[in-house]
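Colleague: I have a model open and would like to go through it with you. Could you take my questions one at a time?

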Amino acid sequence: MNMNDIFKKLFKPIRAKEELKNQTIAFLAQRTQGYTTTTVKPHRYPLYATVCICFLFMLFGGHWLYFTPTAEITIDINPSIEMSINRFDQVIDLNDFNVDGQKLADSLNIKYMNYADAVEQVLNNDTITALLSNNEVMTITVTGADGQQSAKILSGVEACAEERRNTYCFYASSEEVADAHRIGLSYGKYRAFLELQLLDPNITPEAVQEMTMREIRDLIGHLSTDSENNSSLYDNRQNGHHGYGGGHGRGWRNRRTEQQNAGE
Amino acid sequence: MRSEQETIRAIERYSDTVQRLCMVHLKNDADTEDIFQTVFLKYVLSSVSFENDEHEKAWFIRVTINACKDLLKSFFRSHTVSLDNVMEQSAELPPDYRDVWEAVFSLPQKYRDVVYLHYFEDYTAPQISRILGKNVNTIYTLLTRSKQMLKEKLGGAYEYE
């Protein structure tokens with residue numbers, strides 16, 4: 001069999017439908033305004049689609065940039081709350097770690113506020129001022145992968161806390177904070193929990209969760225047999241406002257102090 | 001710009017050719033409609049004066065193939081095109097024809113164009129080279145390879161020359 005003949009038999013029956021021809025005729029009449037104009041507007045939908053894609057890209061990109069937390073500020077006194085901070089230094093989320101924290105979080109209006117203003121508002125909150133004046137201990141922990149931003153936030157937070165008694169500021173790595181969250185504690189309490197666990201291995205995170213920082217510190221002080229070797233935060237407060245240390249030596253300031261000591 | 005009468009005459013004369021080329025390029029109905037609009041709008045707006053009917057037909061073939069290629073490359077085209085559609089159509093054919101149909105549509109696109117133009121439209125390699133804007137030796141190579149591929153698929157029961 002000849003291939004030319006076969007092709008003729010195969011393709012000859014393929015015909016354009018009348019409906020398609022009529023649609024094309026109608027389309028041409030419409031696009032040329034009855035064959036009167038040669039300036040035919042090109043299809044706009046690729047342009048519109050491109051604009052839409054760019055818009056969506058900017059929208060989602062902007063959303064991602066704004067709503068991705070780059071640092072966290074954890075405030076512990078019992079209540080315990082945690083603020084998520086974006087790259088623009090604004091509070092984008094507020095989490096609580098216990099019932100008291102939830103009450104405090106509900107009373108605050110700090111979302112989308114600059115972190116320094118937010119911390120100021122927390123420190124000026126009636127519940128917090130009442131607790132601090134009652135000799136409670138407050139820790140503020142800054143966490144973040146971006147060292148520069150975290151250092152800036154820590155120094156901003158330190159400035160806010162400067163005038164407050166019993167207030168201590170720390171820097172912590174994201175891994176440490178993740179460990180704390182894994183057992184349901186805010187970072188400040190987690191540090192105190194680790195310290196307490198060294199003295200009392202039977203202590204559980206659940207027991208610590210509802211205790212105030214003061215209660216934990218008192219318990220540490222009580223359990224500690226050698227007060228001079230007790231490197232608890234509570235004892236450090238005697239040295240001033242910013243007892244960056246605790247027993248674990250992993251605070252931002254501790255690192256700096258260690259580096260200075262090594263240099264000396 | 002061409003008149004409405006000229007355009008309707010061209011649609012009547014070349015729409016089957018455009019339809020077959022769309023089929024060769026695996027278009028679905030929506031894409032075929034797009035190709036029809038693109039090709040005939042280009043014709044309406046074109047100021048090319050054709051020397052004869054063959055020249056005009058060659059122009060339609062070239063413009064249709066280019067439009068099909070552009071659409072295949074386009075991000076916005078329908079993605080419902082499937083080889084299955086074409087293969088389904090072969091079900092009604094006698095077995096010998098069905099084998100040829102399936103063998104042709106299993107060829108890569110660049111071979112399918114030349115095979116169709118050569119066997120159905122009866123164009124020679126130099127004519128195909130002018131229509132597709134390719135070197136004539138390239139067309140000879142494409143034709144030789146496509147015949148070899150068809151032979152491999154279909155065996156020696158057919159005359160390929």
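**Questions on a two-chain model**

Modeller: Let us start with one residue. Leaving aside neighbours within four places in sequence, B:Ser146 is in contact with B:Leu107, B:Tyr111, B:Val114 and B:Val115. Keep in mind that this is a predicted model.

Colleague: Is B:Ser146 buried or exposed?

Modeller: B:Ser146 is found in helix α8 of chain B. The cut-off for buried is under 20% relative accessible area. B:Ser146 has 0% relative accessibility, so this residue counts as buried.

Colleague: How many helices does chain B have?

Modeller: Read along the sequence, chain B follows the pattern α-α-α-α-α-α-α-α. There are 0 strands in chain B. The number of helices is 8.

Colleague: What percentage of the contacts in chain B with a separation of 6 or more comes from residues 24 or more positions apart?

Modeller: Chain B has 161 residues, and buried residues make up 48% of them. Of the contacts in chain B with a separation of 6 or more, the share from residues 24 or more positions apart is 66%.

Colleague: Now to chain A. Why do the buried residues of α1(A) line one face of the helix?

Modeller: The helix covers residues 3–11, and its buried residues are A:Met3, A:Asn4, A:Ile6, A:Phe7, A:Leu10 and A:Phe11. An α-helix has 3.6 residues a turn, so residues three or four places apart point the same way. Seen down the axis of α1(A), the buried residues line one face because they fall within an arc of 160°.

Colleague: Which residue caps the N-terminal end of α1(A)?

Modeller: Look for a side-chain oxygen by the backbone nitrogen of A:Asn4.

Colleague: What area is buried between chain B and chain A?

Modeller: The size of an interface is often given as the accessible area lost when the parts come together. The contact takes 44 residues from chain B and 33 residues from chain A. Carbon and sulfur atoms give 73% of the buried area, which is about 3600 Å².

Colleague: How many salt bridges cross the interface of chain B and chain A?

Modeller: One of them joins B:Asp16 to A:Arg15. Their closest N and O atoms are 2.6 Å apart. Across the interface, the number of salt bridges found is 3.

Colleague: Which helix gives the largest share of the side of chain B that touches chain A?

Modeller: In chain B, α1, α2 (29–45), α5 and α6 each supply at least two residues of that side. The largest share is 11 residues, and this comes from α1(B).

Colleague: How many disulfides are found over all chains?

Modeller: The search takes in the whole structure. A:Cys169 is in no disulfide. Over all chains, the count is 0.

Colleague: What separates the C-alpha atoms of A:Thr139 and A:Asn166?

Modeller: A:Thr139 lies in strand β4 (residues 138–144) of chain A. This residue is buried, with a relative accessible area of 1%. A:Asn166 is 27 residues away along the chain, yet the C-alpha separation is 8.2 Å.

Colleague: What phi does A:Tyr112 have?

Modeller: Most residues other than glycine have a negative phi. A:Tyr112 lies in the loop between α4 (99–107) and α5 (115–123) of chain A. It is not a glycine, but its phi is positive, at about 65°.

Colleague: Where is B:Asp122 found?

Modeller: B:Asp122 also has a positive phi, of about 60°, although it is not a glycine. Its relative accessible area is 43%, so B:Asp122 is partly exposed. Its place in chain B is the loop between α6 and α7 (125–132).

Terms used. Residues numbered from 1 in each chain as written. Chains lettered and ligands numbered in written order. Predicted model: local features only at pLDDT ≥ 70, side-chain atom pairs only at ≥ 80, totals over all residues. Heavy atoms only, no water. Buried < 20%, exposed > 50% of the residue type's maximum accessible area, 1.4 Å probe, protein only. Helix = DSSP H or I, 4+ residues; strand = E, 2+ residues; numbered from the N terminus. Arc of directions from axis to C-beta. Polar contact = N/O pair within 3.5 Å; in protein donor to acceptor, adjacent residues only side chain to side chain. Disulfide = S-S within 2.5 Å. Contact = heavy atoms within 4.5 Å. Buried area = accessible area lost by both parts, 1.4 Å probe. Salt bridge = Lys/Arg side-chain N within 4 Å of Asp/Glu carboxyl O.
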